[in-house]
Amino acid sequence: MGAIRILTIAVTIVVVAVPEGLPLAVTLTLAYSMRKMMLDKALVRRLSSCETMGSATTICSDKTGTLTLNKMTVVEAHFIGTRLDPCDDVRAISSSSAALLIEGIAQNTTGTVFLPEDGGAADVTGSPTEKAILSWGLKIGMDFNDVRSKSSVLHVFPFNSEKKRGGVAVQSDTGVHIHWKGAAELVLSSCKSWLSLDGSVQPMGAQKRNEYKKSIEDMAKSSLRCVAFAYCQCDIEKIPKEDIADWKLPEEDLTLLGIVGIKDPCRPGVRSAVQLCKNAGVKVRMVTGDNIETAKAIALECGILDANGVISEPFVIEGKAFREMSEIARGEIADKITVMGRSSPNDKLLLVQALKRKGHVVAVTGDGTNDAPALHEADIGLAMGMSGTEVAKESSDIIILDDDFTSVVK
């Protein structure tokens, strides 16, 4: 009986203590790791993600703001078929062409320029890309408030991460102009003409189109983000007066004004952080909305792509090509994809789903509202604390407080 009593007491202790104590012990352990992670600039929103993050096998990282600093400046500009050197020297451009360009920069933007009354430096607000373009506009002689007062906005097509462009219809004394701004190669494909040195509109021949394509490729290979400006005239009779809110802005048959190259430098320490991941057997993939050449250049700079390795499909792929594949084909190449350029939010989501089906534990980093579906779908969603939108943070498990990829690796 003595032996039985010892056994029953032991079993009773196990039965009573373990269900009560174990969850508490696990929660305390995770809460302790959460406190430690706060010191490493990671705010944990879901306790269980501390544990999941340790078993991640692949990280799908955004480029802008995570691998790069998101401090953008215009460093190259091609206008009237020639490269401006320096990039803010517009003496070669006729006054009418310059006025059109400045109107497009000032009106087709979500940013603003505030000029202090004491004559100090202008305060530019908006997204980093908008700030870079507006700052460059100021250098080429744009008076933001004056330009905006000379014309009125009729209708706006906000920048769209699916179409990679944004447009605005403005009315001034010279008529109605539709200004477009967006991904250089996509805007170029909609252009049927270009503006020449004397301000006249010339048809876009095959030779000229190839020249511009070459300029875009060269800029992209130097890891510059290429943004093109284009416009078209519109007859005032064609504008629907009553239901202007439903008016679809004409986006074909445009006249190219020019292309700028925006530099976004790589974050210091990213290369060694990526190498650390590789050594640990965690594959880092870059998924970005940028041009495929720009993505390649940054991936090489960060060490995600190896200069001696394979830099072609399916390792480097465009979002459109991936999207158009069948589910089986996507599953087959998902493992091989290292860089995806010109991706839409849906492409990022499809890649995460394909990787999860292959048995990967997927971590996704992102900052924009468009990253929310992929952040939500991933095993661990990592949102950026400084540049991230509320929507991205709400969809994430962990918030990286200093927006740095090295903190993700930590």
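Student: How far apart do the C-alpha centres of domain 1 and domain 2 lie?

Tutor: They lie 31 Å apart. Keep in mind that this is a predicted model.

Student: Which residues make up domain 1 and domain 2?

Tutor: Domain 1 takes in 41-68 + 267-408. Domain 2 covers 73-263.

Student: How do you know that domain 1 and domain 2 are in contact?

Tutor: Contact requires heavy atoms within 4.5 Å. By that test, 14 residues of domain 1 are in contact with 13 residues of domain 2.

Student: How much area do domain 1 and domain 2 bury between them?

Tutor: About 1,100 Å², with 47% of it on carbon and sulfur atoms. On the domain 1 side, E293, T294 and R342 supply 41% of the area buried against domain 2.

Student: What makes R342 and E185 a salt bridge?

Tutor: The cut-off is 4 Å from a side-chain nitrogen of Lys or Arg to a carboxyl oxygen of Asp or Glu. The N to O distance for R342 and E185 is 2.8 Å. That is within 4 Å, so the pair qualifies.

Student: How many salt bridges and polar contacts does the rule find across the interface of domain 1 and domain 2?

Tutor: It finds 2 salt bridges. It also finds 7 residue pairs in polar contact. Helix α9, residues 292-302, gives the largest share of the domain 1 side that touches domain 2, with 5 residues. By class, the residues of that side divide into 3 nonpolar, 7 polar and 4 charged.

Student: Why is K410 with D40 called a salt bridge?

Tutor: The limit is 4 Å. The closest N and O atoms of K410 and D40 are 3.9 Å apart. The value is within the limit, so the pair counts.

Student: What does the pair of K410 and D40 tie together?

Tutor: K410 lies in the segment after α15 (405-409), and D40 in the loop between α1 (2-39) and β1 (42-44). The pair therefore ties together parts that are 370 residues apart in sequence.

Student: How many salt bridges does a search of the whole structure find?

Tutor: The search finds 18.

Student: Why is S344 called buried?

Tutor: Its relative accessibility is 4%. Buried means under 20%, so S344 qualifies. S344 sits in the loop between β16 (339-341) and α12. Leaving aside neighbours within four places in sequence, S344 is in contact with S161, E162, K164 and R323.

Student: Why does T129 count as buried?

Tutor: T129 has 18% relative accessibility. That is under 20%, so T129 counts as buried. T129 lies in helix α4, residues 128-139. Beyond its neighbours within four places in sequence, T129 is in contact with M72, R225, V227 and I262.

Student: Which residues of helix α11 are buried, and what covers them?

Tutor: In helix α11, residues 327-334, R330, G331, I333 and A334 are buried. Their cover includes β14 (283-287), β15 (316-318), α10 (319-323) and α12 (345-357).

Student: What is the phi of K41, and what is the phi of D253?

Tutor: Most residues other than glycine have a negative phi. Phi of K41 is near 65°, a positive value. Phi of D253 is near 55°, also positive. K41 is in the loop between α1 and β1. D253 is in the loop between β12 (224-234) and β13 (254-263).

Student: Why is D253 called exposed?

Tutor: D253 has a relative accessible area of 52%. The cut-off is over 50%, so D253 is exposed. K41, at 40%, counts as partly exposed.

Definitions and conventions:
Residues numbered from 1 in each chain as written. Predicted model: local features only at pLDDT ≥ 70, side-chain atom pairs only at ≥ 80, totals over all residues. Heavy atoms only, no water. Domains from an automatic or database assignment. Buried area = accessible area lost by both parts, 1.4 Å probe. Polar contact = N/O pair within 3.5 Å; in protein donor to acceptor, adjacent residues only side chain to side chain. Helix = DSSP H or I, 4+ residues; strand = E, 2+ residues; numbered from the N terminus. Nonpolar A, V, L, I, M, F, W, Y, C, P; charged D, E, K, R; others polar. Buried < 20%, exposed > 50% of the residue type's maximum accessible area, 1.4 Å probe, protein only.
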